[in-house]
Amino acid sequence: MSEGNTAGSGRKPRLDRARVLSAALELVDEEGLEALTMRRLGQRLGRDPMSLYRYAENRSALLDGLTELVLGQLTVPHGMDWQATLRGAAHDMRRLALLHPNVVPLLMTRPLSTPLGLRPHGTVRPLEQILALLIDAGFTPAAALHVYRAFYAFLYGHLLNELQELVANPDESDAVLRLGLYHLPAKEFPRLRALAPVLADYDGARELDEGLGILLSGLAAALTATDK
């Protein structure tokens, strides 16, 4: 899909980095990361692919830009206690993941390919915000970093699990049939098969809340213990 001409002028809209990244995100949302090439992006924008190198020197720079673009939309709430803030940030990250599922693997792996200080500032800003939140709440700087890592390890694991949650026969009302659990011998997997109704009733938001409750209560207990 190419851009149309600017109304009344016969000229194409001005190209800038924000427009290029927005088009790249649309392309990835629709067709996946493997579809993102300068050629395909140029076709989408109605421009010569070579002209795009002014805004991203290569595909790697495009991927960095996409990561920064999506993480820049993450809201870390203000004015609440640290547990409520982390809970709000987790649900906002889930919102972004459901909006852009094809970008989620990129969000998790792309920053790791670049030293921390060389990453786009937008990808590091959530770390700075959450460290400030936790240190203000009473965690030592080192403990705050551990909390941040534990929080995102849980959150990313949850998001991957939710996005990959599949059913074998979605039209089936019986949970065992719906999930294909009848393929598992009952004598070898009795507990898993017994959980079929719970597994079939998977609710991503509720599951996230329950996991956060376990994680945050443990972190709160650790903070209380250090205060004694």
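Analyst: Phe189, Leu192, Leu195, Val198 and Leu199 form a nonpolar surface patch. Together they have about 400 Å² of accessible area. Accessible areas come from the Shrake-Rupley method with a 1.4 Å probe, and for residues only the protein chains shown count as cover. Patch members have over 30% relative accessible area and no salt bridge; nonpolar side chains (Val, Leu, Ile, Met, Phe, Trp, Tyr) are joined within 5 Å, like charges within 9 Å. This is a predicted model: local features need pLDDT of at least 70, side-chain atom pairs count only at pLDDT 80 or more, and totals for chains, interfaces and linings use all residues. Residues are numbered from 1 along each chain as its sequence is written, and side-chain values use heavy atoms, with hydrogens and water left out.

Leucine 199 sits in helix H10, residues 196-200. Helices are DSSP runs (H or I, at least four residues), as strands are (E, at least two), numbered from the N terminus. Leucine 199 is partly exposed, at 32% relative accessible area. Buried means under 20%, exposed over 50%, and partly exposed in between (1.4 Å probe, protein chains only).

Now to helix H1. The UniProt record, an unreviewed entry, places "domain: HTH tetR-type" at residues 14-74. Such positions use the numbering here, feature names are shortened, and annotations may be inferred rather than shown by experiment. That span is 59% helix and 0% strand, and its end C-alpha atoms lie 27 Å apart. H1 covers residues 17-31, with 15 residues. From first C-alpha to last, H1 reaches 21 Å, close to the 21 Å expected. The expected span is 1.5 Å times one less than the number of residues.

One set of H1 residues is buried: Val20, Leu21, Ala23, Ala24, Leu25, Leu27 and Val28. The buried residues of H1 pack against helix H2 (38-45) and helix H3 (59-71). Contact here means heavy atoms within 4.5 Å. After H1 comes glycine 32, with a positive phi near 95°.

Next, the charges. Side chains of opposite charge can pair when their charged atoms come close. A salt bridge is a side-chain nitrogen of Lys or Arg within 4 Å of a carboxyl oxygen of Asp or Glu. That rule gives eight salt bridges. One of them joins glutamate 26 and arginine 44, at 3.5 Å from N to O. Glutamate 26 lies in H1 and arginine 44 in H2, so this pair ties together parts 18 residues apart in sequence. Arginine 44 also forms a salt bridge with glutamate 30, with the closest N and O atoms 2.8 Å apart. That pair links H1 and H2 too, across 14 residues.

How open are these partners? Arginine 44 is buried, at 8% relative accessible area. Glutamate 26 is partly exposed, at 35%. Glutamate 30 is exposed, at 55%.

Aspartate 92 and arginine 95 form a salt bridge, the closest N and O atoms being 2.8 Å apart. Aspartate 92 is buried, at 13% relative accessible area. Arginine 95 is partly exposed, at 35%. Both lie in H4, three residues apart, about one turn of the helix.
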